[in-house]
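The following paragraphs lead through one protein model, element by element. Please keep the structure in view while reading.

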Amino acid sequence: MCTVCGCSGDGATISDATGGHAHAHPHEHDHGHGEGHSHGEAHVHTHADGTTHSHGHDHGDGHAHHHHDHDHAHTAGDTLDYGAGPARAHAPGLSQARMVEIETSILAKNDDYAAKNRARFEAGGLLALNLLSGPGAGKTTLLVETLKALAGRLPTAVIEGDQQTDNDAARIRAAGAPAVQINTGKGCHLDAHMVGHAVEKLPLPPGGVLFIENVGNLVCPAAFDLGETARITLISVAEGDDKPLKYPDIFEGADLVLITKADLAPHVDADMAQLEANIRRVNPRADILRVSARGEVGLTRWLAWLEKARAERLDALAAAREREAQALRAAMVAGGAR
């Protein structure tokens, strides 16, 4: 993940809900979620000549500690497996132990922000959905058609994530939903801190659905909780039926897998049965739906899933608040008895 690629969200910019001027949001900036933070406990830098080195963190004595120990790939036949160690990855100049340490620190900070996002979503009765896929799977097209179909049925809002441009947010706004664009710069995924900034600029619909379209990437987004209610992974029929086996993490964490562009299956020789079998091999618990953005017929099961998920979300939140109210009433009665 990002201990390997060295990306961060320090260059991220976020538009307002109407497509207004985007503002930079460095990760050290405190935006009300709590203490600001930096991803920078250690950084991996790649130079133009292809050489790579890492900078450790300063321990306060004025001396930065550098890690130069190397871990080698496990070999099986003609395959070099750099994902077999404890860190499940490899970065030049970093040991497996150091990579695990850095990843644990980064994710712990992210999870703190995710918890604050989740509490905010729960307070507003929102069903927050994190949409993940590789580039070209059809997230934005599916989302545009979904928003059109939901108009007048469910209140919605959207956070769009891309490295550059606000093209997708403009498409969403044209479909009638408020949208905030996050541009991650060199970052390859959204994180909970970025999403926390974005929701401050977005009119969140009480009791509605918040769609968070992540950056098109099948690796790093899988590791970052955004505070979502559910995680949805998309794969198009043209991507190959072995994609879930090649990129298992993004499928393993999904609550729902959408097989997109299903209408193209006969034209690309897609083996749908094998694709679904491979998804279930990686994640037996996920729901799997075949969808097509061409006409509402191709969205029928997906729209039904959304309405059911939203109803279940509201029921669960209402039940939790009723339990809280009962506990308060019981405390009041107990206090009066004294």
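Strand 8 (residues 156-162) is largely enclosed by the rest of the structure, because 7 of its 7 residues are buried (under 20% relative accessible area with a 1.4 Å probe, protein chains only; exposed is over 50%, partly exposed in between). Thr-156, Val-158, Glu-160 and Asp-162 point one way from this strand, and Ala-157, Ile-159 and Gly-161 the other way. Helices (H or I, at least four residues) and strands (E, at least two) are DSSP runs, numbered from the N terminus.

This is a predicted model, in which local features need pLDDT of at least 70 and side-chain atom pairs count only at pLDDT 80 or more, while totals for chains, interfaces and linings use all residues. Residues are numbered from 1 along each chain as its sequence is written, and side-chain values use heavy atoms, with hydrogens and water left out.

Strand 8 runs parallel to strand 10 (residues 209-213), joined by 5 bridges (pairing requires at least two DSSP bridges); here Ile-159 stands opposite Ile-212. A further 5 bridges join strand 8, again in parallel, to strand 9 (residues 179-183), where Asn-183 is the bridge partner of Asp-162.

In helix 8 (residues 272-282), Met-272, Leu-275, Glu-276, Asn-278, Ile-279 and Val-282 are buried. Viewed down the helix axis, these residues fall within an arc of 160° and so line one face (the arc is that of the directions from the axis to the C-beta atoms). Ala-273 and Arg-281, on the other side, are exposed.

The protein averages a pLDDT of 83 (the predictor's confidence in each residue, from 0 to 100). Over residues 28-70 pLDDT stays under 50. Where pLDDT is low, the predicted coordinates should not be read in detail.

Terms used
Contact means heavy atoms within 4.5 Å.
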